[in-house]
Amino acid sequence: MAPMTRVVLAEDEVLLREGLVGLLNRFDFEVVAAVGSVPALLDAVRTQKPDLVVTDIRMPPQHRDDGLRAAVTLRAEQPHLAVVVLSQYVQSEYASALLSSGDGRRVGYLLKDRVADVADFVVTLRRVAAGGTAIDPDVVRQLLLRPHDPLAALSTREREVLALIAEGHSNAAIAGKLFITEAAIGKHVGNILTKLELPPSDDTNRRVLAVLTYLRTGPPRPS
Amino acid sequence: MTLDRPRHLAAALRRPGYLLSSWPWRALVYAACTLPIAGALFVGLLAVVAPLWATISAVRRGQSVELPVVIFLTVAGLALLALAPIVSAVVAPLERWRLGLVDPRPLAGARIRGLAARYPSPAAWREVAYLCWLGGAVPVAYWMLSLLVLLDFTLIASPWLAVDSDRVILVQTTVDTPGQAIPYAVVGLLFIPVLWYLLGLLVAVQAVVARRLLGGPVAGVALREVTRSRTRLVNAYEAERRRIERDVHDAAQPRLTSLTLQLGLAKLDVPDDSPAAKPLAIAHGQAKALMVTLRQIVQGIRPQHLAELGLAGAVRELAAATTVPVAVHADLRQRLPELIETTAYFVVSESVSNVAQHAQATRAEVRLTQADQDLVVEVEDNGRGGASPGHGTGLTGLADRVAAVNGRLLLASPAGGPTVLRVELPWHR
């Protein structure tokens with residue numbers, strides 16, 4: 001049996017924290033610490049060395065983007081740490097900051113709403129813990145609306161495919177969702193990578209780069 | 001007509017009952033006490049101006065001017081300049097008090113504390129200008145008026161004068177007998193009301209000049225106070241929005257998420273064929289929909305992006321979420337006061353949504369520029385134009401918001417486009 005994924009959870013609202021602990025425990029995650037503030041989160045991660053961190057963005061002490069900054073800090077300290085950040089609002093700049101941390105893998109940026117779809121949420125957590133990337137569909141949708149982006153060269157179908165890649169789906173899963181063959185998906189992915197001028201190397205990494213291109217064509221962070 | 005009793009001399013002069021009111025007498029008292037003050041100032045001015053005048057005339061006639069004269073004039077001129085603000089410190093309060101006789105309306109204006117503070121103060125030099133008027137122009141006017149009064153008295157007294165001395169010279173004619181003089185006396189009597197009016201007019205002009213030069217900008221002060229209180233109100237309103245947003249975010253939203261999560265967990269345990277499965281699924285769906293609704297409500301109360309990303313970042317997020325392509329150019333050097341940022345954000349938000357809904361535009365541009373005093377927000381689109389506050393496109397509300405922070409809203413939207421909306425928000429306090 002595979003070892004349980006060790007999780008540190010940070011959420012300042014007690015009821016929601018307990019609900020999430022219950023959810024995680026139910027699906028072979030081991031919650032090694034459940035905390036309610038950023039300093040406690042940093043402490044717990046440094047002592048417990050978990051596989052996965054699930055954190056809220058707005059948390060004490062400053063109730064701003066404390067959780068996100070903690071996530072970026074922790075990723076700098078432990079590049080292999082998987083982090084899923086939960087946000088009350090869609091904010092593509094946050095997703096961008098998170099994806100730019102480390103190699104852009106093992107990160108997830110989700111609307112808090114997604115925890116309600118328990119099964120999907122758990123699948124996403126597992127995917128991120130296993131080295132994938134997960135961006136909230138709402139963020140992806142917003143990015144696709146963005147004008148003047150290098151993605152303008154992509155066809156509608158290719159955009160759909162890239163959106164699903166950004167959400168973290170495999171070629172097979174995308175084929176299933178779009179009702180086309182996996183070979184067709186492979187062809188679309190090839191076109192996307194060519195149009196985004198991503199040189200052929202490690203295929204998985206190029207997929208991440210394609211997603212990053214999405215996010216980096218977005219707004220630069222204010223100075 | 002007690003309701004609209006005139007409040008000052010200039011207003012009273014235009015009323016039919018002027019001569020029967022107390023106003024002519026007030027003007028008379030004012031004029032009487034003007035004489036010694038204006039006279040003293042006249043003499044003081046004359047001490048310098050008369051030699052100066054004489055010297056200038058001499059120079060114009062080609063005569064040479066001796067050095068002691070030049071030194072005297074220079075020293076006297078400088079002394080006059082140096083002394084004038086001190087003299088005005090004494091005379092100006094007296095004049096303000098005197099003004100109450102003919103114009104009792106309150107006179108605003110900052111009082112200058114200390115003699116040293118008078119020299120750099122524009123208000124003090126306006127007082128000096130008033131002294132020059134009082135010592136220079138007013139005596140000339142009084143002299144002319146007193147000549148008229150003297151002439152009138154002569155006309156009225158002419159019958160008696162004609163009895164005493166055989167001949168009386170009146171203006172250009174000569175009368176010998178009281179009988180001949182009577183028409184002139186009648187004219188003189190009839191001229192008295194004209195004199196009353198002339199006196200009133202002269203004093204009213206004095207009062208207007210005094211009010212201009214001795215008083216501060218009354219209306220300006222009042223307006224500033226109103227604006228300040230309006231800004232306080234808007235600030236209080238903003239603080240309240242912030243509190244509501246925080247309460248919803250900290251208390252309601254996580255609990256709703258928690259509830260929805262529990263419903264989601266329960267769904268996993270209820271078999272699909274259970275009678276509870278369907279209502280549970282519906283409840284779960286409704287809870288999820290409510291999460292979206294609540295988030296939208298909070299966004300409307302207070303934009304989350306603004307607090308976290310600043311104005312430029314928040315406007316970019318806004319642009320990114322708009323269906324029409326919107327280019328954002330932001331040139332902001334620093335974070336602005338929160339109220340200004342919020343107002344600017346709502347300006348962009350409202351305009352961009354107008355562009356998307358009404359303008360039929362294919363692209364739009366938002367420019368944020370930080371000038372020394374103002375934050376300038378410009379939203380331009382290539383749509384059909386014709387936007388006007390009357391068409392219910394939220395422009396009126398926008399204008400109100402802008403006005404509340406003392407800003408300006410300018411709109412150019414000819415039919416056929418393009419539409420440019422420019423808002424200037426003063427941020428520098």
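Guide: In this predicted model, a residue is buried if 20 or more other C-beta atoms lie within 10 Å of its own. By that criterion, buried residues account for 28% of the 429 residues in chain B.

Visitor: What is the secondary structure of chain B, and what share of its contacts joins residues at least 24 apart?

Guide: Chain B has ten helices and seven strands. Among its contacts between residues at least 6 apart in sequence, 70% join residues at least 24 apart.

Visitor: In chain A, what makes strand 4 mostly covered?

Guide: Strand 4 of chain A spans residues 82-87, and six of its six residues are buried. Each of these residues therefore has 20 or more other C-beta atoms within 10 Å of its own.

Visitor: Which residues of strand 4 of chain A point one way, and which the other way?

Guide: A:Ala82, A:Val84 and A:Leu86 point one way, while A:Val83, A:Val85 and A:Ser87 point the other way. All of them are buried.

Visitor: How do you know that strand 4 of chain A pairs with strand 3 and with strand 5 of chain A?

Guide: Pairing requires at least two bridges. Strand 3 (residues 52-56) and strand 4 of chain A have five bridges in the parallel sense, so they pair; A:Val84 is the bridge partner of A:Val54. Strand 4 and strand 5 (residues 107-111) of chain A also have five bridges, again parallel, so they pair by the criterion. Here A:Ser87 stands opposite A:Leu111.

Visitor: Why are the crossovers that involve strand 4 of chain A called right-handed?

Guide: The term applies if, with the strands pointing away from the viewer, the path from the first strand over the helix to the second runs clockwise. One right-handed β-α-β unit consists of strand 3, helix 3 (residues 66-77) and strand 4 of chain A. Another consists of strand 4, helix 4 (residues 92-99) and strand 5 of chain A. Seen in that way, the path over helix 3 and the path over helix 4 of chain A therefore run clockwise.

Visitor: How do you know that strand 1 of chain A pairs with strand 2 and with strand 3 of chain A?

Guide: Strand 1 and strand 2 of chain A run parallel and are joined by six bridges, with A:Glu30 as the bridge partner of A:Arg6. The chain passes from strand 1 through helix 1 (residues 14-26) to strand 2 of chain A in a right-handed β-α-β crossover. Strand 1 and strand 3 of chain A, also parallel, are joined by four bridges, and A:Val8 stands opposite A:Val53. The criterion is at least two bridges, so strand 1 of chain A pairs with strand 2 and with strand 3.

Visitor: What makes strand 2 and strand 6 of chain A edge strands?

Guide: The open sheet of chain A has six strands in the order 2-1-3-4-5-6, with parallel pairing. Strand 2 (29-35) and strand 6 (133-135) of chain A each pair on one side only. Neighbouring strands of this sheet are turned by 20° against each other on average, direction ignored. Strand 6 of chain A is joined to strand 5 by three parallel bridges, and A:Ala134 is the bridge partner of A:Gly108.

Visitor: Which strands of chain A does helix 2 lie across?

Guide: Helix 2 (residues 38-48) of chain A lies across strand 1 (5-10), strand 2 and strand 3, running at about 140° to strand 2 of chain A.

Visitor: Why do strand 3 and strand 6 of chain B stand at the edges of their sheet?

Guide: The sheet of chain B is open, with five strands in the order 3-4-5-7-6 and mixed pairing. Strand 3 and strand 6 (408-412) of chain B each have a single partner strand, so one side of each lacks a neighbour in the sheet. The twist from one strand to the next averages 10°.

Visitor: How do you know that strand 5 and strand 7 of chain B pair, and in which sense?

Guide: Strand 5 (residues 374-381) and strand 7 (residues 419-426) of chain B have eight bridges in the antiparallel sense, and the criterion is at least two, so they pair. The bridge partner of B:Val376 is B:Glu424.

Visitor: Which strands of chain B do helix 8 and helix 9 lie across?

Guide: Helix 8 of chain B lies across strand 3 and strand 4 (364-370), at about 175° to strand 3 of chain B. Helix 9 (residues 338-359) of chain B lies across strand 3, strand 4, strand 5 and strand 7, at about 10° to strand 5 of chain B.

Visitor: How many residues of chain B are in contact with chain A, and which element of chain B gives the most?

Guide: In chain B, 32 residues are in contact with 27 residues of chain A. Helix 6 of chain B gives the most to this side, with twelve residues. By class, the side of chain B that touches chain A has 14 nonpolar, twelve polar and six charged residues.

Methods
Residues numbered from 1 in each chain as written. Chains lettered and ligands numbered in written order. Predicted model: local features only at pLDDT ≥ 70, side-chain atom pairs only at ≥ 80, totals over all residues. Buried ≥ 20, exposed ≤ 12 C-beta atoms within 10 Å, placed from the backbone. Contact = placed C-beta atoms within 7 Å. Nonpolar A, V, L, I, M, F, W, Y, C, P; charged D, E, K, R; others polar. Axes fitted to C-alpha atoms, helices over the stretch in contact; angles between N-to-C directions.
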